[in-house]
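Please read them alongside the structure itself.

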Amino acid sequence: MAPTVSVSAFSHCETIVREHEPDRYWASLFAPADKRPYLQALYAFNHAVACVRESVSAPLPGEIRLQWWRDVIDAAQSGAQGDPVSEALIATITRFSLPVQAFHDLIDARVFDLYDDPMPSLADLEGYCGETSSALFRLASIVLADGRDPGGADAAGHAGVAHAMTGLLRALPWHLRRGQVYLPADVLERHGVSRESLTTGAADGPGLSRALADLRAVARDHFTKAETAMADVAPEARAAFLAAATVPAYLARMEQRGYTPSRSIIDLPQWRRLWAFWRTAGRWGR
């Protein structure tokens, strides 16, 4: 039985997701109304751990904050409660018997965010995306399947990599300003781009453009594979993957004339996002 949680805890999560994770918020509205609060609890938790670096002055306090989340999740079965997001998360984990290890793996992956270490390879980047974004799609799909296995592990894997890689490409200007590079070293080296050139303000050039084109191709390939794998997902769980529906549009924006990787802000108007969610929901038969 899930612990009793105040309605305000879930409302708090909804506010966080609406303000900070608009794609996930609008996509969640295509899910059944009784499941939306639980999806938004997952997304609010994800936002909290993804933003730890912005809330601390050094890696060590960030590590302590991530450990706090590990402790919250380990105490879920005993009904431990904390701030509104942790309250709602505990209720969600318990209500749907969500696998605790997936949360631990997600938190462990987020330790990378606290440091300025290079991303060694494309395989490492895909692994990071899998442990963060893919895991979230998988957990959301279990919620929509009411705690049952909805199938679609491949769909979650590919959708998560496509979604997270696209998000990292969109966030490139912010990451470079704080000296952080998620672009894999092997792809950069293949095109003659050094990490130092990116972090010292000499980022834009033909080499970086070619490297980013390669990464966009990888993200597109994962999105295509996710769509193919959607047939293996239980129909009631397919709405869990809709946040990835904007991936093709974001990638296309990066290929428009005038795109400057280190400065261009890639976004979509709200109507364009809603259109992508509605059209994809119809195509996936959610």
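Predicted model: local features only at pLDDT ≥ 70, side-chain atom pairs only at ≥ 80, totals over all residues.

1. Because E54 belongs to helix α4 and R178 to the loop between α10 and α11 (185–190), the contact ties together parts that lie 124 residues apart in sequence. E54 is itself partly exposed, at a relative accessible area of 47%.

2. A second salt bridge pairs R190 with D214, whose closest N and O atoms are 3.2 Å apart. R190 is in helix α11 and D214 in helix α13 (residues 206–229), so this pair ties together parts that are 24 residues apart in sequence. The two partners fall into separate accessibility classes: R190 is exposed, with a relative accessible area of 53%, whereas D214, at 27%, is partly exposed.

3. R273 and D267 form a salt bridge in which the closest N and O atoms are 2.4 Å apart. R273 counts as buried at 9% relative accessibility, while D267 is partly exposed with a relative accessible area of 35%. Through shared partners, salt bridges join D23, R170, D267 and R273 into one network. Across the whole structure, the search finds 19 salt bridges.

4. Where is the largest pocket centred, and which helix supplies the largest share of its lining? Helix α9 provides the largest share of the lining, namely six residues. At least two lining residues come from each of α2 (22–28), α3, α4 (52–55), α8 (122–144), α9, α10 and α14 (247–253).

5. The structure also holds one cavity of 30 Å³ or more, and the volume of the largest cavity is about 70 Å³. Its lining includes L125, M165, L168, L169, L172, H175 and L215. The elements that contribute two or more residues to this lining are α9 (153–170) and α10 (172–177), and α9 gives the most, with three residues.

6. Helix α3 (residues 36–50) deserves a separate look. Its 15 residues reach 21 Å from the first C-alpha to the last, close to the 21 Å expected at 1.5 Å a residue. Eleven of the 15 residues are buried, so the helix is largely enclosed by the rest of the structure; among them are Y38, L42, F45, H47 and V49. The C-alpha atom of H47 is separated by 16 Å from that of V72, a residue 25 positions away along the chain. V72 is found in helix α5 (residues 59–74) and is buried, with a relative accessible area of 10%.

7. W275 is found in helix α15 (residues 270–284), and with a relative accessible area of 40% W275 is partly exposed.

Methods:
Residues numbered from 1 in each chain as written. Heavy atoms only, no water. Helix = DSSP H or I, 4+ residues; strand = E, 2+ residues; numbered from the N terminus. Expected span 1.5 Å × (residues − 1). Buried < 20%, exposed > 50% of the residue type's maximum accessible area, 1.4 Å probe, protein only. 1 Å grid on protein atoms, 1.4 Å probe; cavity = no way out; pocket = protein on both sides within 12 Å on 5 of 7 lines; lining within 4 Å. Points joined across faces, edges and corners; volume = space filled by probe spheres on them. Salt bridge = Lys/Arg side-chain N within 4 Å of Asp/Glu carboxyl O.
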